[in-house]
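Welcome! Have a look at the model below, and then we can walk through it together with a few questions.

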Amino acid sequence: MNNENMISVIEFCECHHIEMSFIDSLQDTGLIVIETVEETPYIQESQLYDLEKIVRLYYDLDINPEGIDAVINLLKRMDDMQHEITRLKNRLRLYEELES
Amino acid sequence: MFIDYYKVLGVGKNATVNEIKSAYRKLARKLHPDLNPNDKDSKRKFQEINEANEVLSDPEKRKKYDQYGENWKHAEEYKNAGQYQEQPSGPGGQTFTWSQGDGEFSDFFESLFGGLGGTGRGRQVKYRGEDYTAELHLDLMDACETHQQTLTVNGEKIRITIPAGIENDQTIKIAGHGGKGKNGGPNGDLYITFRIAGHSNFRRSGNNLYTTVDLDLYTAVLGGAITVDTLNGKVKLKVRPETQNGSKIKLKGKGFPVYKSKGEYGDLYITYMVKIPVNLTEKQRDLFSELSKSQK
């Protein structure tokens, strides 16, 4: 396995001034997946956006990893519902156009 | 602009540090930008409560804030002026008048206290840059093909790829192209909402398209072939004999491209509008009469 498109967890922690143990606890909760390449822990670049959000929720709001998991699931549901509303609004527009 | 930090946090002037922290936590959980995506107002308020908390939860900063109040922008001048006025120098004595500046909230924070301090668990507060929102108007034909477009956002040119099948009112996020972060915080994001104009021939619902096609009475009765327009060219269709006015047919895969699913398309629904002939000749009218009699 090579470490292309991966971000070193150690560098991430240094950059954000956070403890490595915090990242471990996120892995234990299943919030992120850590991959080890030549004994160095990495995360996939695609996880970076979510991980930064998790860090903000943890440090800004004191939400523990289990709470963050619940929040992220609810946000995902909110996002899905927003898409559904958009789709329904467009569908309604179609019928309104047909009526006028 | 002067902002009353006590009001921002909803606490009284005599609030204890614990009361301030508790009020801040409560508001932060409500207004945190990650919990309110796409809401610019809550982002601004979140920044306000953060700054209010930074000042009011630190006894030294709070004392300074309480002392200078609305004259914060000229705190040092105020101090000097106070000394000056205490020792007037005759008729020419200078007096200062204070006006509220229109500087931004953060200016206050930086000018008065010289940058941001630490909070909570000793982590330096990093502010994520502001999210930008923009609207992009497309016509239906633009939205049915993946294409690139260059936008200018706050003087910066951004080239984006618009995937075929984008919905009207759909918002996409261009990460990191919002406002610059503060204190090493990440940049905000750019949210683009697409407004897709209607089309004279086709109406869209999700991935399906709807259109109406005129059918002459004779083809409707006897059947035949017609040519209809689709999004990607003309299609020849067989019309069944005795096709009713308002009947619908479906052309599978001739609808709108499915968003981010290459090669997948919705369907095209055609409604036939049977047109009754007008300006009949005498002979035609006789023939219709004969037909009518034959029905009885």
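Predicted model: local features only at pLDDT ≥ 70, side-chain atom pairs only at ≥ 80, totals over all residues.

Q: What is the order of the strands in the open sheet of 3 strands in chain B?
A: The edge strands, each pairing on one side only, are β3 (132-138) and β6 (171-174) of chain B. The pairing in this open sheet is mixed, and neighbouring strands are turned by 25 degrees against each other on average, direction ignored. The order in chain B is β3-β7-β6.

Q: Which residue is the bridge partner of B:H137 in β7(B)?
A: Strand β7 covers residues 190-196 of chain B, and 7 bridges join it to β3(B). These two strands run parallel. Within β7(B), B:H137 is partnered by B:R195.

Q: How many charged residues are on the side of chain A that touches chain B?
A: Where the chains meet, 18 residues of chain A are in contact with 20 residues of chain B. On the chain A side, the elements giving two or more residues are α3 (48-61) and α4 (65-99) of chain A. The residues of this side divide into 6 nonpolar, 3 polar and, to answer the question, 9 charged.

How values were computed. Residues numbered from 1 in each chain as written. Chains lettered and ligands numbered in written order. Pairing = 2+ DSSP bridges. Helix = DSSP H or I, 4+ residues; strand = E, 2+ residues; numbered from the N terminus. Axes fitted to C-alpha atoms, helices over the stretch in contact; angles between N-to-C directions. Contact = placed C-beta atoms within 7 Å. Nonpolar A, V, L, I, M, F, W, Y, C, P; charged D, E, K, R; others polar.
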